[in-house]
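Here is a short report on one protein chain. Please look over the sequence and the structure before reading on.

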Amino acid sequence: VELAHDRHLGSPRTRPRLPARFPRGTPSRWARCAPAPMPTPRMRRLEAFKFSLYLALPVAAAVIYANPAAMHWLVRKLNYVSYPPAAPPPPVGDEIWKYVRKNGGGGGGSAK
């Protein structure tokens, strides 16, 4: 008797056969693997610690970053880029001509 949900497999004669090394009734390859060892108390403590960090760090970050005073302190304290003091602005327009006249022309150009 062929069942409705077995129709896609074809008749019992044309059904694909399992290889001889896996006779019918053999559990799957995952079931044949060795079971995982029971965790030791030390492993359980480590997992509990990691899970607590996983939960506590985002909560702590949200509390700290929600406080504007703490954010300003963090930005001032962790300022890792320090720029040199600003140089005076370059000369523009008439200041350039004054410099050229004062220093004797500066060579080869036709500045008047």
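## A glutamate and its partner

E47 is partly exposed, with a relative accessible area of 45%. The model is predicted, and E47 takes part in a salt bridge in it. The partner is K50: the two side chains meet at 3.0 Å, N to O. K50 is partly exposed as well, at a relative accessible area of 43%.

Both residues sit in helix α2. They are three residues apart, about one turn of the helix. In an α-helix there are 3.6 residues a turn, so residues three or four places apart point the same way. The salt-bridge count comes to one.

## An aromatic pair

The count of aromatic pairs is also given: it comes to one. The ring centres of F51 and Y54 are 6.4 Å apart and their planes meet at 25°, so this pair is stacked. The cut-offs explain the call: centres must lie within 6.5 Å, and planes under 30 degrees apart count as stacked.

Y54 is exposed, with a relative accessible area of 61%.

## A nonpolar patch

Which residues make the nonpolar surface patch? They are L46, F49, L53 and L57. The patch covers about 390 Å².

L46 belongs to helix α2. Its relative accessible area is 46%, so it is partly exposed. A patch residue needs over 30% relative accessible area, and L46 has 46%.

## The course of helix α2

Helix α2 has 26 residues. From its first C-alpha to its last, α2 reaches 38 Å. That is close to the 38 Å expected at 1.5 Å a residue.

Where does α2 have its kink? The kink lies at A56 and comes to about 25°. The proline P58 follows shortly after A56.

## Helix α4 and what follows

Is helix α4 largely in the open or buried? Helix α4 spans residues 94-102, nine in number. The number of these that are buried is zero, so α4 lies largely in the open. Buried here means under 20% relative accessible area.

After α4 comes G104. The phi of G104 is positive, near 85°.

## The whole chain

The chain has four helices and zero strands. From the N terminus on, its elements run α-α-α-α.

How much of the chain counts as buried? Of its 112 residues, the share is 1%. The chain exposes about 11,200 Å². Carbon and sulfur atoms supply 65% of that area.

Notes. Residues numbered from 1 in each chain as written. Predicted model: local features only at pLDDT ≥ 70, side-chain atom pairs only at ≥ 80, totals over all residues. Heavy atoms only, no water. Phe/Tyr/Trp six-rings, centres within 6.5 Å; stacked < 30°, edge-to-face > 60°. Buried < 20%, exposed > 50% of the residue type's maximum accessible area, 1.4 Å probe, protein only. Patch = residues over 30% accessible without salt bridge, like charges linked within 9 Å, V, L, I, M, F, W, Y side chains within 5 Å. Areas by Shrake-Rupley, 256 points an atom, 1.4 Å probe, with all protein chains shown as cover. Salt bridge = Lys/Arg side-chain N within 4 Å of Asp/Glu carboxyl O. Helix = DSSP H or I, 4+ residues; strand = E, 2+ residues; numbered from the N terminus. Expected span 1.5 Å × (residues − 1). Bend = angle between axes of the 7 residues up to and from the residue.
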